[in-house]
Amino acid sequence: MTNHWRDIKNSDLILINGANPAEAHPVGFQWFMRAKLDPQRGPGNGGGAKIIHADPRFSRTSAVADIYLRIRTGTDVAYFGGLINYVLQHNLHHAEYVTHYTNASFIVKEGYGFTDGLFAAYDPEHRAYDTKAWGYELDEQGFAKRDMTLQHPRCVFQLMKQHYARYTPEMVSRITGIPQDDFLKVAQLVGQMGRPDKVMTIVYAVGLTHHTTGGQLIRSGAVLQLLLGNIGRPGGGMNAERGHANIQGNTDHAISWEILPGYLAIPSPGERTLDDYVREKAPKKLDPNAWNFFGTNYRKFMVSLLKAWYGDAATKENDFAFNYIPKPAGNSSWMSIYDQALKGKMEGVILSGMTATSIGPDSNQVLQALANLKWLVVMDAFPTTSSEFWHGPGMDPAKIQTEVFLLPCTHWIEKDGTFVNSGRWVQWKDQVIPPQGEARHDHWILADLFHRVKQLYEREGGAFPDPVMHLTMNYKDPLRPELDEIAQEINGKNLVTGKRLATFAALKDDGTTIAGDWIYTGHYPESGNLTKRREGVQDPQKNDPTGMGFYPNWAWSWPLNRRVMYNRASADLQGRPWDPKRPGIQWNGHRWVGDVPDYPPTMSPSDPKAWLPFIMTGEGTGRLFSSTMIDGPFPEHYEPVESPIENPLHPRVSSSPVAFLYDKAAGRPNRFGTAEEFPIIATTYRLTEHEHYITQQVPHLVQLQPEAFVELPEGLAREKGIKTGDMVRVRSKRGEIRVRAIVTRRLGQLDLGGTKVYQIGIPIHWGFVGVSAELFPEKSQHWLANSLTPFVGDANARTPEFKAFLVNVEKMA
Amino acid sequence: MATLTRRDFLKLTGVSVGTLALSELGFDLARAAEVRQTLRIAGATQSHSICPYCAVGCSLIAYTRKEPDGSVKLLQIEGDPDSPVNEGRLCPKGATAMQLATSNRRVEQPLYRAPGASSWQKVSWDFVLDKLARNIKATRDRTFVTTDAAGHVVNRCEGMAFAGGAAFSSEEGYFAVKVMRGLGVVFIEQQARV
């Protein structure tokens with residue numbers, strides 16, 4: 001989230017896409033309701049914030065929304081694109097913000113274009129663009145040329161206007177299935193949010209990310225928010241609801257192939273030195289007034305990380321052990337792991353609190369991949385569909401040569417440390433009870449394993465042992481590091497003074513500082529661990545001095561305890577809040593006050609050299625146009641890989657031209673279905689009573705939701721002769737599930753310019769392990785929702801397309 | 001009365017006010033205090049936790065008591081009224097967190113399934129850690145690439161993957177990344193993508 005949960009109460013208009021917070025994040029949803037029930041909030045003269053829910057399924061979120069839009073899954077770019085077009089056509093954007101705080105004025109170099117569904121510089125053989133063709137026109141100093149009148153035909157503003165002119169209400173309706181009248185009602189409300197005294201938030205979840213266009217679905221919302229001047233403001237922003245307790249913290253610390261802690265890129269082959277790496281990876285300064293804070297300090301953050309990991313073995317002479325960091329050959333994300341296993345190239349997989357089988361996508365293919373491994377380790381508190389895969393559906397244990405280890409681990413309440421919520425609030429938790437049975441902490445298991453591997457290398461030698469030998473283990477007991485010690489390492493310190501640092505501004509690139517993750521520097525300064533702070537709503541007057549809900553002394557949020565990111569953009573050029581009733585930060589004549597400023601605290605707005613507001617980007621502005629996405633500088637609607645219709649905008653380039661097709665590339669048979677055989681759109685989701693798969697081990701929750709089911713719209717059920725409670729078979733090209741039907745008006749038919757389609761909904765929670773599975777041992781063999789989902793993902797992030805695929809449904813005898 | 005918050009109520013019903021008679025609450029607090037004596041959290045130790053499910057980040061209060069045999073018993077988990085995130089509220093999952101915290105369904109010792117075997121074997125920690133250390137070294141040695149086909153130094157281990165951590169404490173996650181990158185692992189993933 002750019003903002004945070006409590007901040008949603010500051011909004012006038014709440015757009016919810018690809019999310020169902022009332023059911024999936026029910027306690028967070030109280031802040032939506034507080035906005036709705038606050039007469040000060042709302043468009044026009046207030047009267048309460050308005051909630052607009054666009055979702056294939058009418059849920060409890062829709063029930064309290066002011067407008068519910070039944071949208072076809074995966075078409076939110078068309079919806080947001082239509083809103084962008086409406087705002088531009090009616091001149092409703094926030095002009096001062098757009099001119100000065102976005103890259104609207106930047107001039108794009110010649111050669112950029114968009115024709116028949118393809119951006120310039122497409123290579124069909126490799127299904128890839130040369131994204132360098134989408135850059136800015138530069139001056140002699142290497143800065144981007146700008147036209148502050150926004151009239152230049154190649155300035156971003158004009159190109160954007162042209163790009164989205166195709167997204168008319170008619171076209172939006174034809175793609176999304178949303179009736180034009182409903183869309184226009186929403187557009188009129190959204191159009192009021194470009195006023196400085198109004199603010200809108202967009203809230204989303206994996207209903208946007210789980211698509212082959214996932215990154216662009218989110219970018220389309222962000223572009224709309226920039227146009228309306230709503231990024232950086234309390235009550236605004238682009239807010240992702242995370243789905244697990246600590247996805248946020250563990251993304252920040254880079255349990256992710258493409259990054260190192262603090263969102264530093266993993267180096268690529270060919271980057272021989274730190275200089276090469278920084279040159280390739282750090283953002284470039286593109287405007288004289290851009291601070292380019294990230295780019296400018298990239299090297300300091302990287303050197304401080306290398307010093308944290310390699311200590312005395314990281315010296316100026318050896319480029320701070322830069323070559324100890326592995327450089328991947330190519331994409332190494334979730335699906336790539338199983339793709340490699342299917343090719344016989346992956347020997348071992350360690351799954352810690354994560355089950356490959358249930359997650360999929362294409363669980364049947366994932367089961368085959370697991371059976372191809374030499375060894376599999378499952379570290380968990382409970383058995384999972386992965387630890388038990390070898391006797392799962394269709395598996396013959398005698399034929400599976402995979403060695404499987406199930407290591408009992410402690411879970412959240414048996415250890416301390418922090419969880420980071422969706423709003424980046426880093427909150428410490430106590431160890432409440434001791435480990436059950438012989439369970440051990442995951443990090444103690446890894447420390448012990450690492451120690452044993454290191455001993456083997458000491459005794460026997462082997463492949464490049466240096467990084468193993470020199471990895472720092474500066475803990476009181478290297479086999480049992482305390483999380484408090486690790487937190488201090490993450491925070492970092494000055495090696496000369498020995499003192500922990502209070503800000504990442506103190507990090508250096510000369511090897512005299514360490515920081516395991518620069519964005520967390522300051523969470524554990526010399527004064528102590530700030531994530532333990534507890535000054536909350538017991539005393540709002542004292543603990544929330546601005547009244548904006550920041551509660552600065554409750555826990556700590558990264559970076560530097562800032563509650564709203566990009567908050568320089570919450571004030572105008574002179575430093576006055578766009579809306580004095582809802583200030584983020586403001587200039588008091590001497591310094592910025594309010595939230596922790598995302599800006600130098602004493603830099604005057606009247607200083608001719610004052611930095612532009614978005615200090616992290618090379619432009620110094622928000623990006624309406626971006627060459628950092630591999631599938632286009634502007635978000636464009638592409639159909640899901642499995643879709644019942646051709647793309648109305650450009651039928652010849654219907655789905656993403658750059659999404660990576662694993663099976664095709666590996667020479668495996670096609671596993672995508674056609675609309676002729678599988679005419680029904682399916683999507684997946686979670687229920688209030690369950691969380692993915694772990695809750696299959698919690699009896700009370702199983703009692704509340706005991707058995708797998710599929711939700712079917714009434715019309716479809718009538719056509720198929722299906723009644724609530726019937727057993728049905730749902731098939732895709734990849735597999736099938738056999739579950740009970742619930743016939744409901746929550747789902748319905750969509751009219752896509754004359755083509756009528758149905759969408760059905762499948763909760764993801766069930767499998768062949770857990771309390772339900774023990775109650776229904778036969779039935780549970782056919783419950784894996786992800787046996788239906790396609791093995792393809794977002795062009796940029798490779799997030800699988802769990803949320804849009806084709807199936808057929810039939811009543812079982 | 002109308003402005004009484006849940007927190008005030010908790011304060012009022014705390015030990016120090018046991019002497020109050022008919023209070024502003026409109027009922028006899030002394031009686032209530034007597035009843036409290038039999039509550040299962042009486043005399044318990046209070047700890048702070050965070051809900052382990054979705055990422056709203058609801059604060060929890062956990063009550064434990066040391067049993068005569070020295071063990072620690074978890075008595076109750078409830079929402080923390082001080083939190084600016086949840087203000088004491090919990091959803092069905094958070095409210096049943098007790099059943100996740102202590103469960104007779106837990107795996108309590110290491111299990112090993114040999115190639116081709118049709119059942120688990122209970123084994124010791126030393127057995128699994130030694131065997132796994134051997135596996136990791138063998139895989140690393142077999143699949144480690146120091147220089148790629150183009151002649152670039154890459155120092156990567158291609159044959160093993162690490163995935164997980166959505167329920168790790170952040171510090172554990174950081175440590176896992178440090179260890180895995182130290183081994184040269186490039187296939188690293190967690191729940192954010194899926």
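1. Contacts in chain B. Among the contacts of chain B with a separation of 6 or more, 34% are between residues 24 or more positions apart. The model is a predicted one. Chain B has 194 residues, and 47% of them count as buried.

2. Elements of chain B. Six helices and eight strands make up the list for this chain. Along the sequence of chain B the order is α-α-β-β-β-α-α-β-β-α-β-β-α-β. A student can follow this pattern in the structure from one end of chain B to the other.

3. The largest nonpolar core. This core holds 250 residues, and the members that touch the most other members are A:Ile14, A:Ile84, A:Val156, A:Leu306, A:Val349 and A:Val377. Helix α13 of chain A, residues 293-310, gives the core its largest share, 10 residues. In soluble globular proteins, nonpolar side chains tend to be buried together.

4. What does A:Leu306 contact, leaving aside its neighbours within four places in sequence? The partners are A:Ala314, A:Phe320, A:Ala321 and A:Phe322.

5. The contact of the two chains. Chain A puts 134 residues into the contact, and chain B puts in 108 residues. On the side of chain A that touches chain B, the largest share is nine residues from helix α17 (residues 442-460) of chain A. By class, that side of chain A consists of 72 nonpolar, 41 polar and 21 charged residues.

6. A sheet in chain A. Five strands of chain A form an open sheet with parallel pairing, in the order β3-β2-β1-β8-β9. Which strands are at the edges? They are β3 (67-70) and β9 (238-240) of chain A, each pairing on one side only. On average, neighbouring strands of the sheet are turned by 15° against each other, direction ignored.

7. Inside that sheet. Strand β1 (residues 13-17) and strand β8 (residues 200-204) of chain A run parallel, with five bridges between them. A:Leu15 is placed opposite A:Ile202 in β8(A). Helix α8 of chain A, residues 180-191, lies across β1, β2 (50-55), β3 and β8 of chain A. The helix runs at about 130° to β3(A).

Key:
Residues numbered from 1 in each chain as written. Chains lettered and ligands numbered in written order. Predicted model: local features only at pLDDT ≥ 70, side-chain atom pairs only at ≥ 80, totals over all residues. Helix = DSSP H or I, 4+ residues; strand = E, 2+ residues; numbered from the N terminus. Buried ≥ 20, exposed ≤ 12 C-beta atoms within 10 Å, placed from the backbone. Contact = placed C-beta atoms within 7 Å. Core = buried A, V, L, I, M, F, W, Y, C linked by C-beta atoms within 7 Å. Nonpolar A, V, L, I, M, F, W, Y, C, P; charged D, E, K, R; others polar. Pairing = 2+ DSSP bridges. Axes fitted to C-alpha atoms, helices over the stretch in contact; angles between N-to-C directions.
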